[in-house]
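Please consult the sequence and structure shown below while reading.

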Amino acid sequence: MAEEKSFSLKIITPDRVFFEDQVEMVEFNTTEGEIGVYKNHIPLTVIVKPGVLTITMENGEKFAALHSGFAEILPDKITILADVIEWPEEIDVDRATSAKERAEARLQEKTEDTDVERAEIALRRALTRIEVLK
Amino acid sequence: MASMRDIKRRKGSIQSTQQITKAMKLVSTVKLQRAKGNAEKSKSYFTCMYETVTSLLGKTENLEHRYLKPGDSPKKAVVVITSNRGLAGGYNSNIVKLITKGELPKEDLEIYAIGKKGRDALARSGYVIKEDASDIIEEPLYSDATKLCNKLLESFAAGEIGEIYLAYTAFKNTVVHEPTLLKLLPVELPEKEEAQETSKALMNFEPEADEALEMLIPKYITSLIYGALIEAVASENGARMQAMDSATSNADEMIENLSLLYNRARQGSITQELTEIIAGAEAIS
C-alpha cells in the first residue's frame, strides 16, 4: 500500500544532493501560495518562496528551511533545485534570532539609503529558520 | 669543462628545486581530488537546471524577453576566470590568448576578472578591467556567483552592456582542460535540444512562462558562473599537477646528466693527479 502512494523526491543544491528518497507528500511555499504535492500531480514547474518544507514519509515527517529555488513536479518524481536549504540541525538559533532583530530594526528606522528589499529578504530568511526549529 | 665544484653546486640547486616541484605536485593532486569531487557533486544541479531552462524556452518559442535578445549597447562584458597563482603551465596564458586572439573587438570589451594572473595579463595588453573579484577563486561559493551575476544583470538592465560572455577552462578530465568562451546573455540554446524537448511531456508553469523566465534566467546564469568557477579550480590544479610532474621529471633528467659530468670530471682530475705524480717520480730518479 505504502509503495503505491510514494514517489521519489530529490532536492539538489549547487554543492550537494540534499535529500533523495521515496516520500508520500511534500509541502512548501511557492510564489503562487502554499502547495502540497501527492503522487500523480500534473507536470508543473514552480518558483519557490522562502518557507518551511515538509516532507511526509512512511515513517514520519521531516522539516527543512527552504529559502529559494524552484521545483519541477512530475507525476512520479519531484526535483527541487534549491539555492539555499537547511535541516533544522544546521541552523544556528542565536544567529537567526539576532538576524531577525537586526532586519526588523533596519526596517523600522528606515532612512533613504536603507535597502528595504534586502532587509525584508533577510527578515524572511530569519523567520523561516526560526519557524523550522519549532 | 666546468669544475667539479661548479657541477656539484648546480646539481644541489636542481635537487632542491625538484623537491619543491615534487611537493607542489603532491599538493595539487590532493586539491585536484577535492575540486573534482566538488565538481561532480554539483553536476546534477546544473544538468537539471539546464534541462528545465531548455524545456521552458523550447515551449515558449515566440517569447519576447529582454534576456533573450542583445542589449543596445555595443559593449560586451567578459567574465575571465584564471588563477591567482602561477606555475600552472599554460593554464592562464591559454585563457588570456582566448580573449586576445578571439574575435571580440578589444575596444568593446569590459573585463570582469576573477584571478590575478588573467587580470594582470589583460591589463598589460590594454583591456579595460571593470571589476576585480580575484579572491573568490580561492574558495568559490554559490553566494559569490550570485553577487557577480546580480552585478552583471544590473549593468545589462541599465543598458551599459549588450552581451555577457564567460571565459573559463572547462574540465574534461584530469589531463584534458579546454579553454572555453561561453555566451551567457542573451541566452542562446542549441536548436537541437529544443527539438528534443517538444516530444517530452507537457509542462505547466506557475507563474506564467515569461514571469518564470524572469526568475529562472538569473539563477541559470548564476549556476553557469558557479559551475565555471568550480571547473576552473579543478582545471587549475590539474594543469599545475601536470606542469609540476613534467618539471620533476625534467629535473631528474638534468640531475642524471650532471652526475655523469661530475663523475667524468672527478675521474679526469684523478687521472691528471696520477700522471703528475708519476711524471714527478720519474724526474727524480
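## Domain organisation

In this predicted model, chain B is divided by the domain assignment into domain 1 (4–23 + 244–284) and domain 2 (39–242). The C-alpha centres of domain 1 of chain B and domain 2 of chain B are separated by 53 Å.

## Packing of α2(B) against α3(B)

Two packed helices are described by the angle between their axes and the distance between the axes. For helix α2 (residues 91–100) of chain B and helix α3 (residues 116–124) of chain B, the angle is about 45° and the axes are 9 Å apart. The two helices, α2(B) and α3(B), are therefore oblique to each other. The crossing in which α2(B) passes α3(B) is right-handed.

On the side of α2(B), the contact is formed by B:Asn92, B:Ile95, B:Val96 and B:Ile99; α3(B) contributes B:Lys117, B:Gly118, B:Ala121 and B:Leu122. By residue class, this contact of α2(B) with α3(B) comprises five nonpolar, two polar and one charged.

B:Ile221 belongs to helix α6 (residues 209–284) of chain B. This residue, B:Ile221, counts as buried because it has 25 C-beta neighbours inside 10 Å, where the cut-off for a buried residue is 20 or more.

When neighbours within four places in sequence are left aside, the contacts of B:Ile221 are with B:Cys149, B:Leu184 and B:Leu185. Between B:Ile221 and B:Leu258, the separation is 37 residues in sequence and 54 Å in space, C-alpha to C-alpha.

Terms used: Residues are numbered from 1 along each chain as its sequence is written. Chains are lettered from A and ligands numbered from 1 in the order in which they are written. This is a predicted model: local features need pLDDT of at least 70, side-chain atom pairs count only at pLDDT 80 or more; totals for chains, interfaces and linings use all residues. Axes are lines fitted to C-alpha atoms, for helices over the stretch in contact, and angles run from 0 to 180 degrees between N-to-C directions. Helices (H or I, at least four residues) and strands (E, at least two) are DSSP runs, numbered from the N terminus. Angles under 35 degrees count as roughly parallel, over 145 as roughly antiparallel, 65 to 115 as roughly perpendicular and the rest as oblique. A crossing is left-handed if the near helix is turned anticlockwise from the far one by less than a right angle, and right-handed if clockwise. Two residues are in contact if their C-beta atoms, placed from the backbone, lie within 7 Å. Ala, Val, Leu, Ile, Met, Phe, Trp, Tyr, Cys and Pro count as nonpolar, Asp, Glu, Lys and Arg as charged, and the others, Gly among them, as polar. A residue is buried if 20 or more other C-beta atoms lie within 10 Å of its own, exposed if 12 or fewer, and partly exposed in between; C-beta atoms are placed from the backbone. Domain bounds come from an automatic or database domain assignment.
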